[in-house]
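Please look at the sequence and the 3D structure below before reading on. The paragraphs that follow go from the whole chain to the sheet and then to single residues.

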Amino acid sequence: MQKLKSMLKKLREPKAAPSRIIVCPRCGSTHIRLLSSMDVWLTPRVFVCSNCGYTGPICLEVEKEEE
Ligand SMILES: [Zn+2]
């Protein structure tokens with residue numbers, strides 16, 4: 001019975017929120033980051049990929065796979 005109880009507990013426990021990462025839409029690299037700007041309210045956000053040199057307002061957001 002103890003086993004069943006722990007199984008039920010596991011089912012009820014909310015799954016840990018998956019950590020999301022952003023990847024480059026061009027090359028799929030995770031070496032992409034949001035270019036910080038002081039005029040963040042005035043300019044659209046720009047992502048910069050250090051792998052392929054992509055710069056743009058679009059990035060892909062994916063759930064990080066468990067290792
Ligand atoms: Zn890239």
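Predicted model: local features only at pLDDT ≥ 70, side-chain atom pairs only at ≥ 80, totals over all residues.

**From the chain to its residues**

Ile32 stands opposite Cys49 in β3.

Residues are numbered from 1 along each chain as its sequence is written.

The protein chain contains 1 helix and 5 strands. Both kinds of element are DSSP runs numbered from the N terminus: helices are H or I with at least four residues, and strands are E with at least two. Along the sequence, the elements of the protein chain follow the pattern α-β-β-β-β-β.

Next comes the sheet. Strands of a sheet pair through backbone hydrogen bonds, either parallel or antiparallel. Here 3 strands make an open sheet in the order β2-β3-β4, with antiparallel pairing. The edge strands are β2 (32–35) and β4 (55–56), each of which pairs on one side only. Two strands count as paired if DSSP finds at least two bridges between them. Between β2 and β3 (residues 46–49), which run antiparallel, there are 4 bridges.

How much of the chain is buried? Of the 67 residues of the protein chain, 6% count as buried. A residue is buried if 20 or more other C-beta atoms lie within 10 Å of its own, exposed if 12 or fewer, and partly exposed in between, with C-beta atoms placed from the backbone.

Ile32 lies in strand β2. Ile32 is buried because 25 other C-beta atoms lie within 10 Å. Contacts can be listed as well: two residues are in contact if their C-beta atoms, placed from the backbone, lie within 7 Å. Not counting residues up to four places away in sequence, Ile32 touches Ile22, Val23, Cys24, Phe47, Val48, Cys49 and Cys59. The C-alpha atoms of Ile32 and Ser50 are separated by 6.2 Å, although the two are 18 residues apart along the chain.

One of the residues that Ile32 touches is Cys59, whose place is in the loop between β4 and β5. Is Cys59 buried or exposed? Cys59 is buried, because 20 other C-beta atoms lie within 10 Å. Leaving aside neighbours within four places in sequence, Cys59 is in contact with Ile22, Val23, Pro25, Ile32 and Phe47. The C-alpha atoms of Cys59 and Gly28, 31 residues apart along the chain, are separated by 9.5 Å.

Pro25, one of the contacts of Cys59, lies in the loop between β1 (20–23) and β2. With 14 C-beta neighbours inside 10 Å, Pro25 counts as partly exposed. Leaving aside neighbours within four places in sequence, Pro25 is in contact with Ile58, Cys59 and Leu60. From C-alpha to C-alpha, Pro25 and Glu61 are 9.2 Å apart in space and 36 residues apart in sequence.

The last stop is Glu63, found in strand β5 (residues 60–63). Glu63 counts as exposed because it has 10 C-beta neighbours inside 10 Å. Not counting residues up to four places away in sequence, Glu63 touches Pro18 and Arg20. Pro18 is 45 residues apart from Glu63 along the chain, and their C-alpha atoms are separated by 6.0 Å.

Finally, the contacts can be taken together. Among those in the protein chain with a separation of 6 or more, residues 24 or more positions apart account for 44%.
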